[in-house]
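Welcome! Please take a moment to look over the sequence and the 3D view, and then we can walk through a few parts together.

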2 protein chains.
Amino acid sequence: MSAPSFIAVDWGTSSFRLWVLAADGTILGESRGPDGMLSAAKIGFSIVLQRHLKTAQAPSNLPILICGMAGARGGWMEAGYVETPAALTDLPLRAVEVSFSGRDTRILPGLCQRTESRPDVMRGEEMQLFGAAASIAGRAHVVMPGTHSKWVVMDEGSVASFSTYMTGELYDIITRHSILTPPEGTIAEGPESAAFINAVRDSFEEPGRITSQLFAARSGQILNRLKPEAALAHISGTLIGAEISGGTAGSHGTSVVLVASGRMAALYEKAFETVGLAYQTIDADTAVRRGLQSAAAHIWQHL
Amino acid sequence: MSAPSFIAVDWGTSSFRLWVLAADGTILGESRGPDGMLSAAKIGFSIVLQRHLKTAQAPSNLPILICGMAGARGGWMEAGYVETPAALTDLPLRAVEVSFSGRDTRILPGLCQRTESRPDVMRGEEMQLFGAAASIAGRAHVVMPGTHSKWVVMDEGSVASFSTYMTGELYDIITRHSILTPPEGTIAEGPESAAFINAVRDSFEEPGRITSQLFAARSGQILNRLKPEAALAHISGTLIGAEISGGTAGSHGTSVVLVASGRMAALYEKAFETVGLAYQTIDADTAVRRGLQSAAAHIWQHL
């Protein structure tokens, strides 16, 4: 049986995940919860972490490595950013130590792109990227969809540049606060629906029309008996198609590495197929654990 | 002195405007209020109209012509839609009569585009269009910016096609409900600001990146000391630039007719100049009155 080696923590804005990992990556203990940075800032970061360590039955002598919003300004301790172009191995070298009940506890920095025209920041996804990097050779696009989707151009193990697309957050506010808000309880049709597929294709081909194409979710219901469930799939497809248009602009023939799980993976896979983009998928959970493991091996070389 | 000829009403979702007009367009009385369709549906449409007639000191024998959301489903009386391609003169012919204290009172229909791929609806702006049409020869784009901006392709006095862009509503929900929401009381920099102009140009040139360019309103504040006032101008410019990109796609060299007033006119004029698009501006208030007057002359030929 594998011996426990270190504690890996992915501390997001609104979620917390902790694993007790062996040196070979075997999961020996786990704890998850909704106590991300927003609630931890109120409860106390140490208290939240202590509670999850107990749930996961984590041995008390293991070092702890944390990525995500715990390192943001207003988080547990600010961990700064590594600037692009950046070698992923710079990230563990720049981790900051935080005082936590006598354990060796470190928080990883984020990535930033400090250009005048395309400033951008990332915090948390860089460990998924580190985990996915082992499967990537040469130049490739890595896509990590979510509230703020990240499109990263990797080049020989380094981050050349990246862009954030507000796809998930726009979907959320459009379907909750606009004239396109559906009746409560409406569930979007899935990635196989015509509404999703057509919307992806149309906004990929004519991204300038996306703020108009969104409105068709309403006029389609007035004029063409579009169902609310299909209207949601239309909105989702419109935003994802625009994201792919922007992410792949000027780089024809590129293939992408999709880091995602579950429904999110299914939506993006179907969208990539719709616009004829080759891809491979890496499970997001696996990627972040692998990334934290690679980073831990750089920090604590005895692991 | 001109004799009063008829009552013109523009009844929107959240605003109400009424004019007592002479046959030559002179304004002889006026009343405005926030009691649009949403509040009138609760108070009662007759009551709201009666109140404004009193405020404007309207003679009791004049006919009344209404455009806007009073004719929507859920409004005072459903007035349907005229389908594109449509002659503007079809609109007054299809006005519906509504019973109102013995007066001749009519509600104008909206316009709809009943195509599978680009269904669209308009209700209210078609009278601005009618009013602007007198200044338009041949083929032209008419742009009526707002919560739901309308881009209309006019051809020899007929509406060939149109598209709605959710520019104003997206600006509203993004700046109120997303991570880009500024501190309370922040006022956006104006159309002359670098933040607005650069954002218009960038999203016009690369509309696929608009959902990424929006995020730069945040990362610019984190990395480049972008001020909240400039971030708002950046969001506005991003959405307007994308709208112009979509509205002018495939029609190089077209000039546009802008129907707008005040700050909205200033923003779009600067945006058109930024992307090198020739335009003329027609005041929105004047346009809707002129439109209602033309429509009234078709309905009541003795006017």
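## Two crossing helices

In this predicted model, H9(A) passes H10(A) in a right-handed crossing. Their axes come within 10 Å and cross at roughly 60°, which makes H9(A) oblique to H10(A).

## Helix H5 and its cover

Both of these helices also turn up around helix H5 of chain A, residues 167-177. The buried residues of H5(A) are Thr167(A), Glu169(A), Leu170(A), Ile173(A), Ile174(A) and Thr175(A).

What covers them includes, from chain A, strands E12 (149-155) and E13 (158-165) and helices H9 (228-248) and H10 (262-274). Chain B takes part too, with its helices H5 (167-177) and H7 (210-213).

## A sheet in chain B

Now let's move to chain B. Here you can find an open sheet of three strands in the order E5-E9-E10, with mixed pairing. Strand E5 (81-83) and strand E10 (120-122) are the edge strands, each pairing on one side only. From one strand to the next, the twist averages 25°.

E5(B) and strand E9 (residues 110-113) of chain B run parallel, joined by three bridges. Glu83(B), for example, has Cys112(B) in E9(B) as its bridge partner.

Helix H8 (residues 216-223) of chain A packs on this sheet and touches E5, E9 and E10 of chain B. The direction of H8(A) makes about 85° with that of E10(B).

How values were computed. Residues numbered from 1 in each chain as written. Chains lettered and ligands numbered in written order. Predicted model: local features only at pLDDT ≥ 70, side-chain atom pairs only at ≥ 80, totals over all residues. Heavy atoms only, no water. Buried < 20%, exposed > 50% of the residue type's maximum accessible area, 1.4 Å probe, protein only. Helix = DSSP H or I, 4+ residues; strand = E, 2+ residues; numbered from the N terminus. Contact = heavy atoms within 4.5 Å. Axes fitted to C-alpha atoms, helices over the stretch in contact; angles between N-to-C directions. Parallel < 35°, antiparallel > 145°, perpendicular 65-115°, else oblique. Left-handed = near helix turned anticlockwise from the far one by under 90°. Pairing = 2+ DSSP bridges.
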